[in-house]
Amino acid sequence: MTNPAPTNNSLTDVPGFRVGHAAVAGPGALSGTTVVLAPPGGAVAAVEVRGGGPGTRETDALDPRNVVERIDAVVLTGGSAFGLDAAGGVMAWLAEQGRGVRVGPEPHQVVPVVPAACLFDLGRGGDWGARPDAHVGRAAAEAAGAAGPEVAEGNAGAGTGAVVGGVKGGVGTASVRLASGATVAALAVVNALGSAIDPHTGVLYGEYGEGRPQLPSTELHLAAQEQIARSRERMGIPPLNTTLAVVATDAPLSRPQAQKLAGTSHDGLARALRPVHLMHDGDTVFALATGSHAPDGTPAPAPLGALELNAVLAAGADVVARAIVRGVRAAEGIDGPGGTFPSYGDLYGS
């Protein structure tokens with residue numbers, strides 16, 4: 001059982017988290033980076049990769065069997081494997097703040113552990129070489145450090161060049177407050193080989209669980225499907241993609257529990273995108289938990305029991321699906337040398 005979403009309906013509704021975006025500059029560029037910054041002291045973290053073509057960095061550090069207990073930031077980036085360079089800029093910025101794993105007696109002697117995952121958007125602006133680097137990563141980290149609770153959606157950060165099933169994708173975010181008072185939220189970058197749109201009705205798959213969606217007219221739907229088919233054809237076969245997400249909570253999760261949350265949150269991808277986890281997707285979900293919410297009012301809450309954990313796991317899938325819907329709805333169509341990708345709004349209106 002859940003209560004209405006907190007004020008911003010975004011990842012930043014989990015206390016302490018901030019989000020920063022930066023885009024690659026220059027003509028022919030259509031890519032960028034998004035940084036999710038944890039509160040001071042970091043967050044317990046885990047990751048689950050289910051796509052067949054992932055591009056990641058430092059994900060092995062999140063294995064519960066390994067030494068790193070908490071991390072300070074996660075990087076989601078365009079640029080395919082080249083874009084993973086953005087994490088270096090985030091590391092440098094964090095080190096200047098004295099944030100990271102302490103490896104010496106002095107406050108500055110830290111090594112930030114910055115897990116990252118990339119999506120494929122190469123050439124979508126026309127310039128194959130326009131991709132995020134350490135400078136773009138640093139700009140996104142600085143933006144996160146200076147950000148308030150508002151989170152830009154659509155064509156922002158890692159969503160700048162995102163495409164889903166031939167339609168413009170982007171960044172979306174959503175949150176929910178559980179009956180316990182804990183908050184669970186997600187940020188997704190929607191860039192899937194599969195589609196977010198039911199080809200029989202024109203309804204976003206992720207909206208089927210939100211009541212009875214309004215169906216577009218048959219004439220509008222047929223015209224939209226023709227445009228989508230042309231966009232897919234121009235992309236070529238096979239298109240390369242990947243949907244990325246971060247799920248965050250203030251519930252007190254252990255590292256194995258966070259690992260479970262990362263896994264079950266992939267169910268949100270399966271609800272909102274069809275098909276998912278294909279060989280040309282690199283679908284990756286990170287889970288972050290601060291443990292700052294104490295249901296019993298104590299400063300150090302006990303780890304969640306099975307029933308409380310179940311509520312967090314269910315909510316993780318829900319907010320990922322909602323974040324995907326919001327990312328697709330917020331995206332703006334693009335028409336340039338790298339391709340023409342209409343938005344859902346262009347095709348179906350509001």
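Colleague: Which residues of β6 point one way, and which the other way?
Modeller: Please note that the model is predicted: local features need pLDDT of at least 70, side-chain atom pairs count only at pLDDT 80 or more, and totals for chains, interfaces and linings use all residues. Numbering starts from 1 along each chain as its sequence is written, and side-chain values rest on heavy atoms, with hydrogens and water left out. Strands (E, at least two residues) and helices (H or I, at least four residues) are DSSP runs, numbered from the N terminus. In β6, one way point Ala73, Val75 and Thr77, and the other way point Val74 and Leu76.

Colleague: How many residues of β6 are buried?
Modeller: A residue is buried when its relative accessible area is under 20%, exposed when it is over 50%, and partly exposed in between (1.4 Å probe, protein chains only). On both sides of β6 the residues are buried. The strand is thus described as mostly covered, and the count of buried residues is five of five.

Colleague: In what order do the strands of the open sheet lie?
Modeller: Strands of a sheet pair through backbone hydrogen bonds, either parallel or antiparallel. Here two strands are said to pair if DSSP finds at least two bridges between them. The sheet has five strands with mixed pairing, in the order β2-β3-β6-β9-β5.

Colleague: Which are the edge strands?
Modeller: An edge strand in this sheet pairs on one side only. That applies to two strands: β2 (18–23) and β5 (56–57).

Colleague: Which residue of β9 is the bridge partner of Thr77?
Modeller: On one side, β6 has an antiparallel partner in β3, with five bridges, and there Thr34 is opposite Leu76. β6 and β9 run parallel and are joined by three bridges. In β9, Thr77 has as its bridge partner Cys118.

Colleague: Which residue of β9 does Thr56 stand opposite?
Modeller: The strands β5 and β9 (residues 116–118) are antiparallel and share two bridges. The residue of β9 opposite Thr56 is Ala117.

Colleague: Which strands does helix α2 touch?
Modeller: Helix α2 (residues 134–146) also packs on the sheet, and its direction is at about 145° to that of β2. The strands touched by α2 are β2 and β3.

Colleague: How many residues apart in sequence are the parts tied together by Glu96 and Arg138?
Modeller: These residues form a salt bridge (a side-chain nitrogen of Lys or Arg within 4 Å of a carboxyl oxygen of Asp or Glu), with their closest N and O atoms 2.7 Å apart. Glu96 is exposed at 53% relative accessibility, whereas Arg138 is partly exposed at 25%. Because Glu96 belongs to helix α1 and Arg138 to helix α2, the pair ties together parts whose separation in residues is 42.

Colleague: Which helices are linked by Arg271 and Asp318?
Modeller: Arg271 and Asp318 make a salt bridge, their closest N and O atoms being 2.6 Å apart. Both are partly exposed, Arg271 at 37% and Asp318 at 35%. They are 47 residues apart, and the helices that they link are α5 (residues 266–272) and α6 (residues 306–330).

Colleague: Which residues of helix α4 are buried?
Modeller: Helix α4 (residues 255–264) is mostly covered, with seven of its ten residues buried. These buried residues pack against β4 (44–49), β14 (244–249), α5, β15 (284–289) and α6. By name they are Arg255, Gln257, Ala258, Leu261, Ala262, Gly263 and Thr264.

Colleague: Is Ser31 buried or exposed?
Modeller: Ser31 is in the loop between β2 and β3. Leaving aside neighbours within four places in sequence, its contacts include Ala23, Gly78, Asp121 and Pro132. Because its relative accessibility is 1%, Ser31 counts as buried.

Methods: Contact means heavy atoms within 4.5 Å. Axes are lines fitted to C-alpha atoms, for helices over the stretch in contact, and angles run from 0 to 180 degrees between N-to-C directions.
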